[in-house]
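Please look over the sequence and the structure shown below before reading on. The report that follows goes from one chain to the contact between two chains, and then to a few single residues.

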Amino acid sequence: MLGLTITQWLFGILSFLAIMFALMVVFTRNPVNSVLYLVLTFFCIAGHYLLLNAQFLAVVHIVVYAGAIMVLFLFIIMLMNLNADTEPRKHIVTRLIAGVIGGMLLIVMVGALKGAEQLTIVRAGASQIGLVKNLGQVLFHEFLFPFEVASILLLAALVGAIMIGKRDTNTNDKKVINN
Amino acid sequence: MLNGIPINYYIMLSAVLFIIGVVGVMARRNAIIIFMCIELMLNAVNLLLVAFSTLHQDASGQVFVFFVMAVAAAEVAVGLAILAMVYRNLKSIDIDLLSRLKN
């Protein structure tokens, strides 16, 4: 098969799918379709994690992103009743300029690679570091303090989201009184 | 060399995904789509962190991906709450309307 191993085939297919779905996220007009394409992109990235033998991260990625964050996006979009008809569009010139700027940025990033030609090979097959046991030991020995700080951050975000999202009862009462 | 993939390919893939996210932020007006493109950029960086962590056989990179996911979850929760509040007041999440926030 063209001298490629099965891992290289999988890498190529997953990369192609990830890029295609990511393009569809940007270019689909309907926001609901956009969310669904983003979920597919996340599954492709989880496949990449599996190829790199980062099994714990692959599972966490699917659970957190495809399971939690994207469901949140879908809820908000359906709450707001958005569809392709109400979708605001930027002017064609703005979109063209955005594409040109993106292409130039890509050229800069790929051009920066040109000096690093030695092509180091990632050998993921024998890698043990992505397993839950090793990752847990590193997380709770070296990164215990950042772990606790992350929990405080999540708590603060939870409280903040509830405070912001709560309907302001005082102003509503005032409106009723004024009317 | 059972499954060798050059690290350059991972760098290229991450760069392309990141650029798609950047173009999405610049080209779209729907605030939710812009949020999703930011998620895409975060994921491109995560993928590269995991690739380099496997390359150097160092678990710190994967732990950092874990923290990035936690921060992304917090960001999405607060950001979507703000968007819901904006939609309640303006009946729209067009990002160009938000540019005159003080009115």
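What percentage of the 179 residues in chain A do buried residues make up? Buried residues account for 32% of them, where buried means under 20% relative accessible area, exposed means over 50%, and partly exposed lies in between, with a 1.4 Å probe and protein chains only. This is a predicted model, in which local features need pLDDT of at least 70 and side-chain atom pairs count only at pLDDT 80 or more, while totals for chains, interfaces and linings use all residues. Residues are numbered from 1 along each chain as its sequence is written, chains are lettered from A and ligands numbered from 1 in the order in which they are written, and side-chain values use heavy atoms, with hydrogens and water left out.

Chain A contains seven helices and one strand, and along the sequence these follow the pattern α-α-α-α-β-α-α-α; helices (H or I, at least four residues) and strands (E, at least two) are DSSP runs, numbered from the N terminus. Of the contacts in chain A between residues at least 6 apart in sequence, 59% join residues at least 24 apart, a contact being heavy atoms within 4.5 Å.

The contact between the two chains draws on 73 residues from chain B and 78 residues from chain A. Together chain B and chain A bury about 7100 Å², with 78% of it on carbon and sulfur atoms; this buried area is the accessible area (1.4 Å probe) that two parts lose on being put together, summed over both. On the side of chain B that touches chain A, the elements that give two or more residues are β1 (4–6), α1 (7–27), α2 (31–56) and α3 (60–90) of chain B, and α3(B) gives the most, with 24 residues. Across this interface the rule finds five residue pairs in polar contact, both residues being at pLDDT 80 or more. A polar contact is a pair of N or O atoms within 3.5 Å; within protein, one must be able to donate a hydrogen and the other to accept it, and residues adjacent in sequence count only if both atoms are side-chain atoms.

Not counting residues up to four places away in sequence, R28(B) touches several residues, including E87(A), K90(A), I33(B) and I34(B).

In chain A, S127(A) sits in the loop between β1 (121–123) and α5 (132–141). Leaving aside neighbours within four places in sequence, S127(A) is in contact with N53(A), T54(B) and Q57(B). The C-alpha atoms of S127(A) and A54(A), 73 residues apart along the chain, are separated by 8.6 Å.

Two further residues, F42(A) in helix α2 (residues 31–51) and Y65(A) in helix α3 (residues 55–80) of chain A, form a pair that links distant parts of the chain, 23 residues apart.

| Residue | Class | Relative accessible area |
|---|---|---|
| F42(A) | buried | 1% |
| Y65(A) | buried | 0% |
| R28(B) | buried | 9% |
| S127(A) | buried | 1% |
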